[in-house]
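Trainee: Could you take me through one part of this model up close? I'd like to hear about the nonpolar core and the aromatic rings in it.

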Amino acid sequence: MQKHWQLAAALGVTAILIGSLANAQADITIDPTTQTTSTGTVVTVDVDITNVTNLYGYQFDLTFNPSILQAVSSTEGTFLPSGGATFFIPGTNDNVGGTVSATADTLLTAVNGVSGTDELAVFTFDAIGTGTSTLGIQNETLLDSNLNVIADTTTGGTVTVTSGTATAPEIDPASALSALTLLLGGVMVLRGSGASARLNGM
């Protein structure tokens with residue numbers, strides 16, 4: 001009887017593990033998920049991959065609000081190059097429609113794909129307007145080394161841009177009083193020197 005219970009428990013644990021593996025999906029994420037900056041600054045956004053297995057190549061579009069952010073450049077992340085030689089396509093910046101389209105990367109040799117969690121690509125923006133811009137991943141495709149599609153989910157992010165107007169520096173009252181006293185003392189010295197010169201001239 002005890003052996004039957006042990007067998008049933010083992011089968012139950014195995015079923016749970018298999019179910020967890022079947023439901024596991026790669027996640028393409030914006031990193032950081034939220035950030036705040038000011039107008040006139042440069043914003044850097046990473047697009048990461050989480051819990052992927054045998055990734056050989058990918059493609060996706062990144063969306064943003066073009067009245068708040070303007071796309072500048074895209075560079076290859078560290079994930080796929082860890083598996084061998086790659087070919088990276090930075091994508092096309094559309095600062096009217098608000099997309100960086102068809103950013104892609106692939107391994108070049110007949111090797112296994114890369115597994116794990118790391119950085120796919122890095123995007124740079126100029127912060128040009130105030131407000132909050134959502135960042136989204138669309139039209140994504142992940143392929144394994146057999147060119148099969150890898151199931152995925154996406155996690156977007158936001159960038160909040162505040163006014164970049166400079167504020168006047170605070171003045172220390174004690175320092176201001178000292179400076180004023182020094183200035184008045186100098187004026188009195190100069191006036192005294194002038195009066196002495198006039199008297200000597202007479």
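**Inside the core**

Mentor: Asp105 is found in strand S7, and that's a handy place to start; keep in mind that this is a predicted model. With a relative accessible area of 2%, Asp105 is buried. Leaving out neighbours within four places in sequence, Asp105 is in contact with Tyr56, Gly57, Tyr58, Glu76, Leu80, Pro81, Thr86, Phe87 and Phe88.

Let's follow Tyr58 from there. Not counting residues up to four places away in sequence, Tyr58 touches Asp105 along with Leu80, Phe88, Thr103, Ala104, Leu120, Ala121, Thr141 and Leu142. Tyr58 also sits among the residues with the most contacts inside the largest nonpolar core, a group that includes Leu55, Phe60, Leu62, Leu69 and Phe125. That core has 34 residues. Strands S1, S3, S4, S7, S8, S9 and S11 each supply at least two residues of it, and the largest share, 10 residues, comes from S3.

Now for the rings. The count comes to 3 aromatic pairs. One of them joins Phe64 and Phe125 edge-to-face, at 5.1 Å centre to centre with 65 degrees between the planes. Phe64 lies in the loop between S3 and S4 while Phe125 is in strand S8, so this pair ties together parts that are 61 residues apart in sequence. Both Phe64 and Phe125 are buried.

Definitions and conventions:
Residues numbered from 1 in each chain as written. Predicted model: local features only at pLDDT ≥ 70, side-chain atom pairs only at ≥ 80, totals over all residues. Heavy atoms only, no water. Core = buried A, V, L, I, M, F, W, Y, C linked by side-chain atoms within 4.5 Å. Buried < 20%, exposed > 50% of the residue type's maximum accessible area, 1.4 Å probe, protein only. Helix = DSSP H or I, 4+ residues; strand = E, 2+ residues; numbered from the N terminus. Contact = heavy atoms within 4.5 Å. Phe/Tyr/Trp six-rings, centres within 6.5 Å; stacked < 30°, edge-to-face > 60°.
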